[in-house]
Amino acid sequence: MELIQRDLPDVQRDAPLIPIAINNVCVEGLKVKLCLKNRSGYLECSIASVTACVDLGKEFRGVHVSRSVEDILNIADGTIYDDLPDLQRILRDVAGGLLTKHEYSSKAIVKLKMQHLYTSEDIDAVPINMRVAVELGKDGRVRYGVGVGVIGMSVCPCAQQVYAFMESLTAPNAPSHSQRALLYVHIDSPTIIDLKLSEAMNVLFSAFSAPIKSFLKREQEYKLVKRAFENPRFAEDIAREAVYIVYKVFHNRLSEDSNITAKVVSFESVHPFNLYVRMKYSIGELDKIFSKGVIK
């Protein structure tokens, strides 16, 4: 059997008909099980989707796909991690394994996405989307990425103030249209991003007019709606707030060339379309913006 394996044709190493290099050849959507050790010591296991990419030179016809799959399953599947920095190290190991197995590649990119139920004193089992990525070059250069997507509530300040003006009311007591908004914040950095999932959640939920809840009694619903209408926000407000609070809390842990990206999708309730906002700043750029004075 070993002799047969040695003599099998290696078609991937044949010269391609068109000698052009390829930026990324990826195994996409491979499922693995990952388990988070929570504060009580219990394991919270989720199914994660992994995408792993390598580049391919013009001399080779194809990559050895089974090597990518083998690397992901051997290193990531069934892994227990403590928090986001631990998960980044795991993906860094996967990327290193890809470069070893694909000796013809100069870079490896590993991306992971999964859903996690987040619970705190103020939040009851709200689903959040997590993304973690690592890009590693054969020269040792590395880039880490962590992204978190959460859903909250927004109230339109324009409709509220116009209604208050037309009806001679005060703004907090005037109606408006409200909707769910999806906030996704991504940080990328040349070093491991040292933050805990609970830290990120605590600051991101404060960017909305109010958080959403799965279960509300009548009095609780009243308090949530009151809170939201006392804190009306455009999608633009949510994006700016998210960038600012992430910068304020975490900038001492991030280098100047780290980036913060915020995306907001407002699922409009009075329009037949949605509103999309995106902004991206490096820590160095934000240092200059906020060096003139702290906003709050």
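Predicted model: local features only at pLDDT ≥ 70, side-chain atom pairs only at ≥ 80, totals over all residues.
## Disulfides

The structure contains two disulfides. Counting the bonded cysteines along the chain, their pattern is 1-4, 2-3. A disulfide is a covalent bond between the sulfur atoms of two cysteines.

One of the two bonds joins C26 and C53, with 2.0 Å between the sulfur atoms. The angle about its S-S bond is 110°, and the link of C26 and C53 is right-handed. Distant parts of the chain are connected by this pair: C26 belongs to strand β1 (residues 22-37) and C53 to strand β2 (residues 43-56), 27 residues apart. C26 has a relative accessibility of 39% and therefore counts as partly exposed. C53 has a relative accessible area of 7%, so C53 is buried.

## The bond of C35 and C45

C35 and C45 are also joined by a disulfide, with an S to S distance of 2.0 Å. The link of C35 and C45 is right-handed, with 105° about the S-S bond. This pair, too, links distant parts of the chain, with C35 in strand β1 and C45 in strand β2, ten residues apart.

C45 has a relative accessible area of 44%, so C45 is partly exposed.

The cut-off for a disulfide is a pair of cysteine sulfur atoms within 2.5 Å. Seen from C158, the closest cysteine sulfur is in C156, 5.2 Å away, and again too far for a bond.

As for accessibility, C156 counts as buried because its value is 11%. C158 has a relative accessible area of 42% and is therefore partly exposed.

## Helices α2 and α3

Two packed helices are described by the angle between their axes and the distance between the axes. For helix α2 (residues 65-75) and helix α3 (residues 84-101), the axes come within 9 Å and cross at roughly 150°. The crossing angle means that α2 is roughly antiparallel to α3, since angles over 145 degrees count as roughly antiparallel. The crossing of α2 past α3 is right-handed.

Which residues make the contact? On α2 they are R67, S68, E70, D71, I72 and I75. On α3 they are I90, D93, V94, G97, L98 and K101. Sorted by class, the contact of α2 with α3 has five charged, five nonpolar and two polar residues.

## Backbone at S168

Most residues other than glycine have a negative phi. S168 is not a glycine, yet its phi is positive, at about 55°. Where does S168 lie? S168 is found in the loop between α4 (157-167) and β7 (178-189).

Is S168 buried or exposed? S168 counts as exposed because its relative accessibility is 67%, and the cut-off for exposed is over 50%.

Conventions:
Residues numbered from 1 in each chain as written. Heavy atoms only, no water. Axes fitted to C-alpha atoms, helices over the stretch in contact; angles between N-to-C directions. Helix = DSSP H or I, 4+ residues; strand = E, 2+ residues; numbered from the N terminus. Parallel < 35°, antiparallel > 145°, perpendicular 65-115°, else oblique. Left-handed = near helix turned anticlockwise from the far one by under 90°. Contact = heavy atoms within 4.5 Å. Nonpolar A, V, L, I, M, F, W, Y, C, P; charged D, E, K, R; others polar. Buried < 20%, exposed > 50% of the residue type's maximum accessible area, 1.4 Å probe, protein only.
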